[in-house]
Amino acid sequence: MADLTTNYMGIKLRNPIIVGACNLVEKTENLKRMEQAGAGAIVYRSLFEEQIQLENLQMMENIEEFAERNAEMTSLFPDIEHAGPEEYLHNLAKAKNAVSIPVFGSLNAVNQETWVEYAQEIEKIGVAGIELNLYHLPSDFEIMGKAIVSEQLDVIEAVKKAIKIPVAVKLSPYYTNVLYVINEMDKKGVDAFVLFNKLFQPEIDIDDEKLRFPYNLSHHDENRFPLRIAGLLYGNIKANVCSSRGIFTGEDVITGRCRCSAGCKYLVQK
Ligand SMILES: Cc1cc2nc3c(=O)[nH]c(=O)nc-3n(C[C@H](O)[C@H](O)[C@H](O)COP(=O)(O)O)c2cc1C
């Protein structure tokens with residue numbers, strides 16, 4: 001049988017196919033099935049700090065509402081479904097212990113301080129590495145792209161200094177010159193690039209005129225841009241490259257390895 005083992009960020013994987021961050025990881029049964037199906041590693045879904053902030057806000061509103069209703073109800077708790085980062089960390093630890101293949105944490109935080117703080121918490125779980133999900137949707141007319149990239153570089157530098165486990169960076173494709181951005185991040189010691197994320201985009205329901213948030217699933221031909229960039233990066237950066245988006249079949253995996261020439265550190269997330 002062919003030897004498909006590879007080295008990703010210094011970690012030996014049985015093959016270069018990594019399960020990308022998504023909701024499927026939430027069930028232990030799914031994690032086991034991924035391992036049995038032959039996955040080389042699994043990326044656990046991201047800890048989104050913004051989501052935690054929203055949940056905390058909601059929780060405070062719930063608590064205040066209960067406090068106002070009846071002072072004697074202080075020993076009762078409103079229906080709190082989320083418990084902040086602890087819940088994520090607990091589930092990540094459970095996922096890590098459920099399988100014997102490497103499991104990576106993933107993070108999207110808001111400011112430099114919290115990027116570092118949460119990355120350290122994720123490291124404590126004992127995961128093999130962490131993906132920094134640099135998810136940024138433009139909403140401000142006053143900020144130049146350069147300032148956003150500079151902030152991202154500072155975050156990477158701070159996280160790299162603060163933790164010892166390997167750090168991958170997952171990017172969106174929406175940079176004026178993504179090669180420049182990757183090169184600058186590479187100089188900060190990023191261990192791998194995951195190219196590219198697919199951002200959630202709302203739709204408008206024209207019947208009830210409300211926003212809908214359906215899953216924004218990839219199409220098969222979307223693998224061409226990640227493969228093109230992987231090919232351009234080959235031999236030009238120190239970090240490993242892992243393609244994500246539209247990698248549907250075994251042929252897609254082989255295509256990537258061919259474009260990147262045999263033996264290079266080319267991996268895919270499905
Ligand atoms: C339901 C769902 C949840 C996802 N959650 C995350 C996440 O938590 N963190 C992340 O970095 N990417 C997340 N992604 C993006 C995927 O990891 C992947 O990058 C993207 O779907 C493109 O790859 P694909 O073509 O294989 O779907 C999610 C995607 C989907 C469909």
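I began with α4 and found W115, Y118, A119 and I122 buried (20 or more other C-beta atoms within 10 Å of a residue's own, with C-beta atoms placed from the backbone; 12 or fewer is exposed, in between is partly exposed). Looking down the axis of α4, I saw that these buried residues fall within an arc of 105 degrees, so they line one face of the helix; the arc is taken from the directions from the helix axis to the C-beta atoms.

I noted that this is a predicted model, where local features need pLDDT of at least 70, side-chain atom pairs count only at pLDDT 80 or more, and totals for chains, interfaces and linings use all residues. Residues are numbered from 1 along each chain as its sequence is written.

Helices here are DSSP runs (H or I, at least four residues), numbered from the N terminus. On the face of α4 turned away from the buried side, I found the exposed residues E113 and K124.

Next I turned to the ligand. I listed 19 residues around it, with G20, A21, R45, S46 and S218 coming nearest (near: C-beta atom, placed from the backbone, within 6 Å).

Last, I checked confidence. The protein averages a pLDDT of 87, and 87% of the residues score at least 70 (pLDDT is the predictor's confidence in each residue, from 0 to 100). Over residues 72-82 I saw pLDDT stay under 50, with 8 contacts beyond four places in sequence (contact: C-beta atoms, placed from the backbone, within 7 Å).

Definitions and conventions. Helices (H or I, at least four residues) and strands (E, at least two) are DSSP runs, numbered from the N terminus. Two residues are in contact if their C-beta atoms, placed from the backbone, lie within 7 Å.
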